[in-house]
Amino acid sequence: MAKLTDALKEAAELGCADEKSFSSSCTAVLTKLKRGFAEVKKAPELLDEVPAEISAWPFFLRVCEKASFAKQAWEGTAVLLQDSRWRATFAQQEQKLSLNLWKAGQRDVPLVLELLKRLPEAGDFFPLEQVPGMDPALCTALLDFFQENENTEAEALSAALVERAGEVEVKRKVVAPESKSAVGKDANLPVYVC
């Protein structure tokens, strides 16, 4: 696990770097971390070899601010939070909301739920003002999560989630003519968008 340890040390250095250095080195460090996390997923006991004193959380929280890398950061966070030592160091972070879990889409719901099982005060990661922009599928999953875990602290959040989860996102549907006649390349086809 020396490679993961080295990658986390690089991440710790990069977490405090200026924007130019961060942007230029972020993807390389994420790639190294992804390889290390893949090994840990296969053998979770390897995480015991990685010292939790490495201050890599600022890097992960900073990466979450970039939408294109957020999922990778969430996956890495989920792996690290398997260990109680890493959970303790995460609890000390001041900018925990930078995880931006409310920006997760429908495909990310299982990952977000996995994270919430390991995070203290799960409701605190979803500010009320962010609920109107959240994916309805995420809202529904959060409601189920809070009900299963009997999280009474998130009552105001649950009320807002109920409203948002009930909204159905209308997708565009392309409707083509129903005739099955052969159409030439110069034909003027009507296309209706509902």
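Predicted model: local features only at pLDDT ≥ 70, side-chain atom pairs only at ≥ 80, totals over all residues.
Student: Okay, and which side chain does Glu19 meet in a salt bridge?

Tutor: The general idea goes like this: side chains of opposite charge can pair when their charged atoms come close. In this structure, Glu19 pairs with Lys66, at 3.3 Å from N to O. That pair links distant parts of the chain, with Glu19 in helix 2 and Lys66 in the loop between helix 3 and helix 4, 47 residues apart. Lys66 is partly exposed too, at 26% relative accessible area.

Student: How many salt bridges are there in the whole structure?

Tutor: A search through the whole structure turns up six. One of them joins Lys32 to Glu10, where the closest N and O atoms are 2.9 Å apart. Lys32 belongs to helix 2 and Glu10 to helix 1, so this bridge ties together parts 22 residues apart in sequence. Lys32 is partly exposed at 36%, and Glu10 is partly exposed at 32%.

Student: What about Lys71 and Asp108: are they buried or exposed, or in between?

Tutor: Lys71 is partly exposed, with 39% relative accessible area. Asp108 comes in at 13%, so Asp108 falls under the 20% cut-off and is buried. The side chains of these two residues meet in a salt bridge, 3.8 Å from N to O. Here the link runs from Lys71 in helix 4 to Asp108 in the loop between helix 5 and helix 6, 37 residues apart.

Student: Which residues do salt bridges with shared partners join into one network?

Tutor: Glu19, Arg62 and Lys66 are joined that way.

Student: Let's go inside. How many residues does the largest nonpolar core have?

Tutor: The largest nonpolar core has 59 residues. Those with the most contacts inside this core are Leu8, Leu33, Phe59, Phe60, Leu101 and Phe126. Several elements give two or more residues to the core, including helix 1 (2–15), helix 2 (19–42), helix 3 (57–63) and helix 8 (155–165).

Student: Let me pick Leu8. Which residues does Leu8 touch?

Tutor: Leaving aside residues up to four places away in sequence, Leu8 touches Leu33, Val50, Ile54, Ala56, Phe60, Leu80 and Trp86.

Terms used:
Residues numbered from 1 in each chain as written. Heavy atoms only, no water. Core = buried A, V, L, I, M, F, W, Y, C linked by side-chain atoms within 4.5 Å. Buried < 20%, exposed > 50% of the residue type's maximum accessible area, 1.4 Å probe, protein only. Helix = DSSP H or I, 4+ residues; strand = E, 2+ residues; numbered from the N terminus. Contact = heavy atoms within 4.5 Å. Salt bridge = Lys/Arg side-chain N within 4 Å of Asp/Glu carboxyl O.
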